[in-house]
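Reader: I'd like to go through this model with you. Can we put it up and start with the strands?

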Amino acid sequence: MTPALEPLRRIAAYAVARDDEGRVLLVRASSKSGTPGVWSLPGGAVDHGEDPNHTVVRETAAETGLSVAVTGLHDVLADMRSMPHRGVTIHTDRLIYSVSVRGGNLIDRVGHPTDLARWHTLEEAGRLKLRPFAADALGLPAASADLRPDVPPTFPSFYAYEGPDGLHRAQRFAAYAIATDPYENLLLTRISPGYPGAGCWHLPGGGTDYGEQPGAALIRELVEETGQEGRLIELLGVASHRDAASLGPEGYPIDWHGVRAFYRVVVDHPTEVTIHDVGGSTDEARWMPLKEVAELAAEQLTEVTADALRAARLI
């Protein structure tokens with residue numbers, strides 16, 4: 001049994017970079033880390049309010065000395081990692097981006113959590129000790145396994161902490177669905193009064209639970225929120241939004257940072273929409289013809305909904 005450790009949660013962004021020879025860029029964890037000698041993709045934690053696209057560029061430059069540009073979204077996944085030396089278990093929502101190298105020179109970083117950055121062929125990478133998420137992203141077996149808790153620890157779905165300026169902050173990862181049926185209808189929900197975005201049409205979905213993969217969380221949320229059973233088709237993108245003084249049912253301003261993955265989902269056998277969380281953040285949900293969706297005014301949609309609809313080329 002793993003020891004009881006304090007649960008933490010974070011969002012992080014990583015780069016899959018290849019050179020002209022097809023080699024992949026990896027960084028090595030130093031003795032200052034919890035997994036010394038283990039290799040990973042360059043990247044790190046998304047700062048509060050930071051767009052993950054900026055995180056992956058910033059972290060890659062810091063860890064490798066190379067300037068990169070984001071070219072696409074490779075994958076989104078989550079994992080838990082117990083770190084007894086720090087007394088914590090961390091759930092990390094990982095955004096994996098494809099990047100191109102714009103310039104710079106590889107650097108070694110003595111005294112930092114990562115100390116080496118090197119190009120490796122996939123054959124060479126397959127012989128290294130790799131973090132499991134990095135191996136997954138490269139389609140390789142993981143030679144080392146992170147220590148995981150036997151049972152996911154309890155962690156609140158909403159957690160706000162007081163920042164140095166006295167304002168509470170909250171960072172949340174969520175998954176949302178562009179859910180369509182066979183009859184060219186889109187499933188939309190409407191935000192209840194008293195919540196940020198009240199009266200706007202929103203996508204079904206929401207915050208993922210501790211230890212939960214985003215795709216599985218979304219299918220669960222779809223059933224719980226609307227009674228519809230869907231299947232994942234593809235990951236469409238990730239959106240980041242910060243509201244520096246959001247005011248919701250908590251009754252006090254919160255510096256809110258949401259990072260949201262959105263997926264295309266098909267509901268093969270749509271049923272009458274049922275709102276199970278009566279009195280919650282959703283006061284209406286319905287199937288709306290795509291033609292009507294395209295005619296909605298911008299102020300009738302939440303920002304994440306507009307972003308997702310554009311990514312799906314539905315508006």
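Reader: Which residue in strand 7 is the bridge partner of Arg28?
Author: Leu116 is the bridge partner of Arg28. Strand 2 (residues 24-29) and strand 7 pair in the antiparallel sense, over six bridges. Strands here are DSSP runs of E, at least two residues long, and helices are runs of H or I, at least four; both are numbered from the N terminus. Two strands pair if DSSP finds at least two bridges between them.

Reader: Before we go on, what kind of model is this?
Author: It is a predicted model: local features need pLDDT of at least 70, side-chain atom pairs count only at pLDDT 80 or more, and totals for chains, interfaces and linings use all residues. Residues are numbered from 1 along each chain as its sequence is written, and side-chain values use heavy atoms, with hydrogens and water left out.

Reader: Back to strand 7. What sheet is it in?
Author: An open sheet of three strands, in the order 3-2-7, with antiparallel pairing. Strand 3 (39-40) and strand 7 (114-120) each have a single partner strand, so one side of each has no neighbour in the sheet.

Reader: What lies across strand 2 and strand 7?
Author: Helix 1 (residues 52-64) does, at about 65° to strand 2. Angles run from 0 to 180 degrees between N-to-C directions, with axes fitted to C-alpha atoms, for helices over the stretch in contact.

Reader: And the four-strand sheet, what is its order?
Author: The order is 4-1-6-5, in an open sheet with mixed pairing. Strand 4 (43-45) and strand 5 are the edge strands, each pairing on one side only. The twist averages 20° from one strand to the next. Helix 1 packs on this sheet too, touching strand 1, strand 4, strand 5 and strand 6. The direction of helix 1 makes about 90° with that of strand 5. Contact means heavy atoms within 4.5 Å.

Reader: How many bridges join strand 5 to strand 6?
Author: 16, and the two strands run antiparallel. Ala78 stands opposite Asp93 in strand 6. The hairpin of these strands has four residues between them, and Gly87 takes a positive phi near 75° there.

Reader: How about strand 1 and strand 4, how many bridges there?
Author: Three, in the antiparallel sense. Ala13 stands opposite Gly44 in strand 4.

Reader: Switching to charges. How many salt bridges does the rule count?
Author: The count is 24. The rule wants a side-chain nitrogen of Lys or Arg within 4 Å of a carboxyl oxygen of Asp or Glu. One of them joins Arg94 and Asp79, at 2.5 Å from N to O. Arg94 lies in strand 6 and Asp79 in strand 5, so the pair ties together parts 15 residues apart in sequence.

Reader: Now the domains. Where are their bounds?
Author: Domain 1 is 6-138 and domain 2 is 169-312. The bounds come from an automatic or database domain assignment. Their centres, taken over C-alpha atoms, are 29 Å apart. The contact takes 23 residues from domain 1 and 23 residues from domain 2.

Reader: How much area do they bury?
Author: About 1,700 Å², 64% of it on carbon and sulfur atoms. That is the accessible area (1.4 Å probe) that two parts lose on being put together, summed over both. Strand 1 (6-17), strand 5 (66-83) and strand 6 (88-104) each give two or more residues to the side of domain 1 that touches domain 2.

Reader: How many salt bridges cross that interface?
Author: Zero, by the rule.
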